[in-house]
Amino acid sequence: MGFVLFLGHCVNDKRYAEKFAAKTSEMILLTFNIVESNYYDPSVSREEILKTIQLEIQAILGVLDIHRTQCTFFCETQLLEPLKLNLKKLAQNGHEIGILNLKSTAEQLKIQKENFEVFLEKKIKGIRQTDFKITIEDLKLLACSYVSIIDYSQINLPFKNLRHKTQIY
């Protein structure tokens with residue numbers, strides 16, 4: 001039996017755990033959201049924000065490499081292009097890249113996903129959505145393998161009532 005950790009969101013998903021049981025005795029699925037909207041100070045330029053995000057990605061990658069841990073980085077669609085070299089490095093190091101949909105339409109997502117898959121030379125399997133959601137039919141057309149749920153609860157994990165499960169298609 002394995003536990004899946006999504007930014008403080010733990011899911012007891014036996015099917016997923018069994019799939020990877022032969023590869024490892026322990027399994028932690030760790031995800032990071034790469035978003036520009038965390039920076040609200042209007043005096044900070046977009047270039048400074050992107051540089052800070054790039055430095056944060058490098059720092060996280062260093063820690064993950066030390067601990068030989070793989071994770072998924074869900075990147076906000078508007079950051080795919082400016083961070084493409086950083087994201088390609090993450091993918092080359094074995095990390096998964098997913099799409100974080102904050103406000104894109106299904107058509108915009110499809111174009112961005114296809115273009116980025118060509119650049120990465122790797123399939124993007126996961127999508128994470130916020131309050132702005134596209135339909136299940138549109139998600140299936142994107143050919144994503146799973147939808148990762150965002151849980152905004154501020155309650156610490158041990159005291160949290162966990163109800164959501166990640167949908168796997």
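Predicted model: local features only at pLDDT ≥ 70, side-chain atom pairs only at ≥ 80, totals over all residues.
Biologist: Which residues of α2 are buried?

Modeller: The general idea comes from helix geometry. An α-helix has 3.6 residues a turn, so residues three or four places apart point the same way. In α2, the buried residues are I49, L50, I53, I57, L61 and L64. Viewed down the axis of α2, they fall within an arc of 110 degrees, so they line one face of the helix.

Biologist: What covers the buried residues of α2?

Modeller: The covering elements include β3 (30–34), β4 and α3.

Biologist: What span should the 21 residues of α2 have, and how far apart are its end C-alpha atoms?

Modeller: Counting 1.5 Å a residue, helix α2 (residues 46–66) should span 30 Å, and its end C-alpha atoms are 30 Å apart, which agrees. After α2 comes R68, whose phi is positive, near 50 degrees.

Biologist: Let us turn to the strands. Is β5 largely enclosed or open?

Modeller: Burial is judged residue by residue, with under 20% relative accessible area as the cut-off. Five of the six residues of strand β5 (residues 96–101) are buried, so the rest of the structure largely encloses β5.

Biologist: Which strands pair with β5, and in which sense?

Modeller: Strand β4 (residues 71–76) runs parallel to β5 and is joined to it by five bridges; there, F74 stands opposite G98. Strand β6 (residues 126–129) also pairs with β5 in the parallel sense, over three bridges, and R128 in β6 is the bridge partner of L100.

Biologist: How does the chain cross from β5 to β6?

Modeller: The chain passes through helix α4 (residues 106–120), and this β-α-β crossover is right-handed. A right-handed β-α-β unit is likewise made by β4, helix α3 (residues 84–92) and β5.

Biologist: How many salt bridges does the structure hold, and where are they?

Modeller: Side chains of opposite charge can pair when their charged atoms come close. The structure holds two salt bridges. In one, the side chains of E81 and K84 meet at 3.2 Å, N to O; E81 is exposed at 53% relative accessible area, while K84 is partly exposed at 27%. In the other, the closest N and O atoms of K113 and E117 are 2.7 Å apart.

Biologist: Are K113 and E117 buried or exposed?

Modeller: K113 counts as buried at 4% relative accessibility, and E117 counts as buried at 18%. Because K113 and E117 are four residues apart in helix α4, about one helical turn separates them.

Terms used. Residues numbered from 1 in each chain as written. Heavy atoms only, no water. Buried < 20%, exposed > 50% of the residue type's maximum accessible area, 1.4 Å probe, protein only. Helix = DSSP H or I, 4+ residues; strand = E, 2+ residues; numbered from the N terminus. Pairing = 2+ DSSP bridges. Right-handed = clockwise from strand over helix to strand, strands pointing away. Salt bridge = Lys/Arg side-chain N within 4 Å of Asp/Glu carboxyl O. Expected span 1.5 Å × (residues − 1). Arc of directions from axis to C-beta. Contact = heavy atoms within 4.5 Å.
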